[in-house]
Amino acid sequence: MRSQIISVATGSRETVHDITSDCADFVRTLGEDGLLHVFVPHATAGVALIELGSGSDDDLVAALRDLLPADDRWRHAHGSPGHGRSHVMPALIPPYATIPVLGGRLALGTWQSIAIVDLNVDNPQRQVRLSFLSD
């Protein structure tokens, strides 16, 4: 297995951050068939396979705001208001995804992208582990 860590600046607002090109660059250098596992080792972020740039990313953040409001209902209450919801989010959007790789290319669907979903405005910098397992 080969592995690499990339840094992702998600900023100080709720975001869906595209890392598809970082993932594609990583597997391209390997030029093999296998599986790419994308993992964000944070308790308040997730990995989504989603269409980006057509408003879907904004729709996802809006849906998460509806499902997980940033208010005082959360028992886990340190940090910014509603911080506890960021700890619940990875149960809905897991902190990992696995993508097939064929000939050093991601085998994503036509409109699929790989994105980090981050509602935690208190942590603007994320680490993402890319791991490749060849066949």
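A salt bridge here is a side-chain nitrogen of Lys or Arg within 4 Å of a carboxyl oxygen of Asp or Glu. Keep in mind that you are looking at a predicted model. By that rule, the count comes to six salt bridges. Side chains of opposite charge can pair when their charged atoms come close.

**Stop one: R85 and E14**

Select R85 and E14 and zoom in. They form a salt bridge, with the closest N and O atoms 2.0 Å apart. This pair links distant parts of the chain: R85 sits in helix α3 (residues 83-88), while E14 is in the loop between β1 and β2 (15-18), 71 residues apart. Are these two side chains buried or exposed? R85 is buried because its relative accessible area is 3%, and E14 counts as buried too, because its value is 14%, with the cut-off for buried at under 20%.

**Stop two: R73 and D71**

Now pick R73 and D71. Their salt bridge has its closest N and O atoms 2.6 Å apart. R73 is exposed, with a relative accessible area of 52%, whereas D71, at 26%, is partly exposed.

**Stop three: R126 and D118**

Next, show the side chains of R126 and D118, which meet in a salt bridge (2.9 Å, N to O). Both R126 and D118 are buried.

**Stop four: the nonpolar core**

How many residues does the largest nonpolar core have? It has 22, and those with the most contacts inside it are L36, V38 and L106. To see where the core comes from, color the elements that give two or more residues to it: β1 (2-9), α1 (20-28), β3 (34-39), β4 (45-50), β5 (96-102), β7 (113-118) and β8 (125-134). The largest share, four residues, comes from α1.

**Stop five: L106**

Click on L106 and display its surroundings. Leaving out residues up to four places away in sequence, L106 touches T20, C23, A24, V27, L36, I99, P100, V101 and I114.

**Last stop: another core**

Key. Residues are numbered from 1 along each chain as its sequence is written. This is a predicted model: local features need pLDDT of at least 70, side-chain atom pairs count only at pLDDT 80 or more; totals for chains, interfaces and linings use all residues. Side-chain values use heavy atoms; hydrogens and water are left out. A nonpolar core is a set of buried Ala, Val, Leu, Ile, Met, Phe, Trp, Tyr and Cys residues joined through side-chain atoms within 4.5 Å. Buried means under 20% relative accessible area, exposed over 50%, partly exposed in between (1.4 Å probe, protein chains only). Contact means heavy atoms within 4.5 Å.
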